[in-house]
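This report concerns a single structure, shown below.

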Amino acid sequence: MASNAGYYDWLNFNSPISDCTADRLVRLQVANSPSTILDVGCGWGELLLRLLTACPEAEGHGIDHDEALIKRAESNAEQRGLTDRVRFSPDAGAAAPADLVVNVGAEHVFGTVDDALVALWDLVHPGGHLLFGYQFWERPPSAEVKAFIGDLPDLPQLLAKVTDVGWRPLDFVVSSVQEWDEFESGYMRDWEEMVLAKGDTAVEARKRADEQRAGYLQRRGVLGFALLTLGRPADT
Ligand SMILES: C[S@@+](CC[C@H](N)C(=O)[O-])C[C@H]1O[C@@H](n2cnc3c(N)ncnc32)[C@H](O)[C@@H]1O
């Protein structure tokens with residue numbers, strides 16, 4: 001029985017992505033045989049490590065400014081025998097162009113979603129792919145949800161942003177409600193474990209979990225998450 005409040009301990013990804021979706025995304029990227037893979041805002045690097053496992057010739061670079069997450073990434077890389085093919089660093093300024101670039105739930109590293117789609121163009125080699133994960137409105141939000149989350153496009157508007165920059169959408173998938181439920185449950189689970197272990201003394205953890213759950217239930221089925229595999233044409 002887990003008893004320590006952790007730090008994303010119950011999540012495989014810090015985005016609403018199931019193992020099944022991750023497997024499919026990895027297969028899609030492997031088909032383009034990337035030799036170099038860059039993940040900007042990689043968290044603990046789970047997707048990057050899975051991609052490197054599936055592409056045994058490839059080298060990877062993960063960037064995240066959260067030191068604790070980088071430590072988890074490095075430890076997982078060691079356990080999977082990947083340390084000679086992957087490195088992690090904290091500074092997005094260290095990003096160098098690659099055959100495959102991953103930017104999932106981390107567009108803010110570059111500014112707005114529009115800023116990110118432009119900046120990432122220069123980081124993907126011509127003929128390469130960008131795996132881009134971003135939020136959108138599946139249904140019109142309530143005023144409360146919109147005030148909390150901010151402005152977002154709907155899915156057609158998101159895809160228009162992408163093609164306006166020159167990317168070609170090779171594939172897109174949208175997280176299911178089950179993927180969102182699993183993600184939000186895993187996100188709150190660290191706090192719930194603390195409440196279970198410490199009872200009434202974990203007042204702050206209980207408050208955070210209850211607020212998070214209430215907020216999630218308001219946006220459930222309204223806030224969407226899209227994973228886009230985007231191609232940069234070879235002649236650009
Ligand atoms: C929502 S998480 C997504 C993590 C990962 N891509 C995933 O899906 O599991 C966003 C990540 O971006 C990182 N991040 C945010 N701003 C950053 C910056 N300026 N430079 C580097 N990393 C950043 C955060 O630390 C966090 O791990």
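How many residues surround the ligand, and which are the closest? In this predicted model, the ligand is surrounded by 17 residues, the closest being Asn 14, Ser 15, Gly 41, Gly 43 and Gly 105. The shell around the ligand comprises eight nonpolar, seven polar and two charged residues.

**Strand β5 and its partners**

Strand β5 spans residues 124–137; 10 of its 14 residues are buried, so the strand is largely enclosed by the rest of the structure. The chain reaches β5 from β4 by way of helix α4 (residues 113–121), and this β-α-β crossover is right-handed.

| Partner of β5 | Residues | Sense | Bridges | Opposite residues |
|---|---|---|---|---|
| β4 | 98–104 | parallel | six | Val 104 and Gly 133 |
| β7 | 223–231 | antiparallel | nine | Phe 132 and Leu 228 |

**Gly 6**

Gly 6 lies in the segment before α1 (19–30). Is this residue buried, exposed or partly exposed? Gly 6 has 13 other C-beta atoms within 10 Å and is therefore partly exposed, given that a residue counts as exposed at 12 or fewer and as buried at 20 or more.

Terms used. Residues are numbered from 1 along each chain as its sequence is written. This is a predicted model: local features need pLDDT of at least 70, side-chain atom pairs count only at pLDDT 80 or more; totals for chains, interfaces and linings use all residues. Helices (H or I, at least four residues) and strands (E, at least two) are DSSP runs, numbered from the N terminus. Two strands pair if DSSP finds at least two bridges between them. A crossover is right-handed if, with the strands pointing away from the viewer, the path from the first strand over the helix to the second runs clockwise. A residue is near a molecule or strand if its C-beta atom, placed from the backbone, lies within 6 Å of it. Ala, Val, Leu, Ile, Met, Phe, Trp, Tyr, Cys and Pro count as nonpolar, Asp, Glu, Lys and Arg as charged, and the others, Gly among them, as polar.
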